[in-house]
Amino acid sequence: MSRLAVLLAASLAAGLPLHPVARVPLSGPAVRFDYTSIDPTTHTLWISHMDANQLLAFDVVHRRITRTIAAPGVHGVIAVPQIGRVYASATNAREVLTIDARTGKVLARAPAGEYPDGLAYDSAQRHVFVSDESGGVETVLNAAGRRIATIDLGGEAGNVQFDAASGHVLADVQSRNEIAVIDPHTNRIVKRVHVPNCANDHGLLVDSTHHIAFVACDGNAKLLTLNLRTMSFTGAFDVGSSPDVLAFDPSLRRLYVSAESGVVAVFAETKTSAKSLGTAFLATEAHTVAVDPATHLVYFPLQVGSTGRPQLLIMQPAR
């Protein structure tokens, strides 16, 4: 039996509806990765190699690194194909980088608080929202990468998302177990939503088309679903210990929740909530995930892969 067949059997036996496709070496030392973001127009997966102080551009077609950009302590990254830009939080420098998506040139640097982390892009206002985790602030940038506002959340900032349906920005306030709803026209909080039965709502993902938000609670390993029309919670599910990054395939309506424990949970989105498709240990430090909406391939950057070196595990969903 080939190694790939062994991996396939193991993944299915473990209860994950994912088939392994490839393991691709990544550059740099075997240290922590963080957020990722797919740009389907350039076929690029942007990977934050956080503790290597590098932002990697990975060609998903030819499966190779095409560019490495210096970014001290890089955490968050978001590709914005509509304007040909990539934004990355260089946390150790306390700033956000604005990058040309095709050339990799750093076009601007802006201060972003004490501990800039996750990012979201408001496609209506063409603004970028950056969570300053320990500072408890959302920093707002214009498309050119210049800071234009800050919003005090009143507690530690978790992840942030733009809801295209309502035109609002949602930000986790993890130390208060709340979600702050922000009007990006005024950059003011217009509503606070208590997150019940949740300890530290750090992860957040919004499906605007179906008016559902997914909230990951890293203090008690829960995933909650939120109806964005009524702002009421519709479901609660167990996930791996310390859930971190969430990724969503919009056409398959499939959600991936990766945890610091290396456990991955897979869900099918339903009309108002979600249905579990499997939860299992995938790999050590498999806490970050991305999905390509065009191919449905799922990407897990691993600081220690099967060779003992950094590796990108590529998987395909079982149908």
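Predicted model: local features only at pLDDT ≥ 70, side-chain atom pairs only at ≥ 80, totals over all residues.

Biologist: What makes Phe-267 buried or exposed?

Modeller: Buried means under 20% relative accessible area. Phe-267 has 1%, so Phe-267 is buried.

Biologist: And Asp-238, what does its accessibility make it?

Modeller: Exposed means over 50%. Asp-238 comes in at 55%, so Asp-238 counts as exposed.

Biologist: How do you know that Asp-238 forms a salt bridge with Lys-222?

Modeller: The cut-off is a side-chain nitrogen of Lys or Arg within 4 Å of a carboxyl oxygen of Asp or Glu. For Asp-238 and Lys-222 the closest N and O atoms are 2.4 Å apart, so the pair qualifies as a salt bridge. Asp-238 lies in strand E21 and Lys-222 in strand E20, so the bridge ties together parts 16 residues apart in sequence.

Biologist: Why is the pair Glu-285 and Arg-32 called a salt bridge?

Modeller: The closest N and O atoms are 3.8 Å apart, which is within 4 Å, so the name applies. This pair links distant parts of the chain, 253 residues apart.

Biologist: What else is linked with Arg-32 in a network of salt bridges?

Modeller: Asp-244, Glu-260 and Glu-285. Glu-260 meets Arg-32 at 2.8 Å, N to O.

Notes: Residues numbered from 1 in each chain as written. Heavy atoms only, no water. Buried < 20%, exposed > 50% of the residue type's maximum accessible area, 1.4 Å probe, protein only. Helix = DSSP H or I, 4+ residues; strand = E, 2+ residues; numbered from the N terminus.
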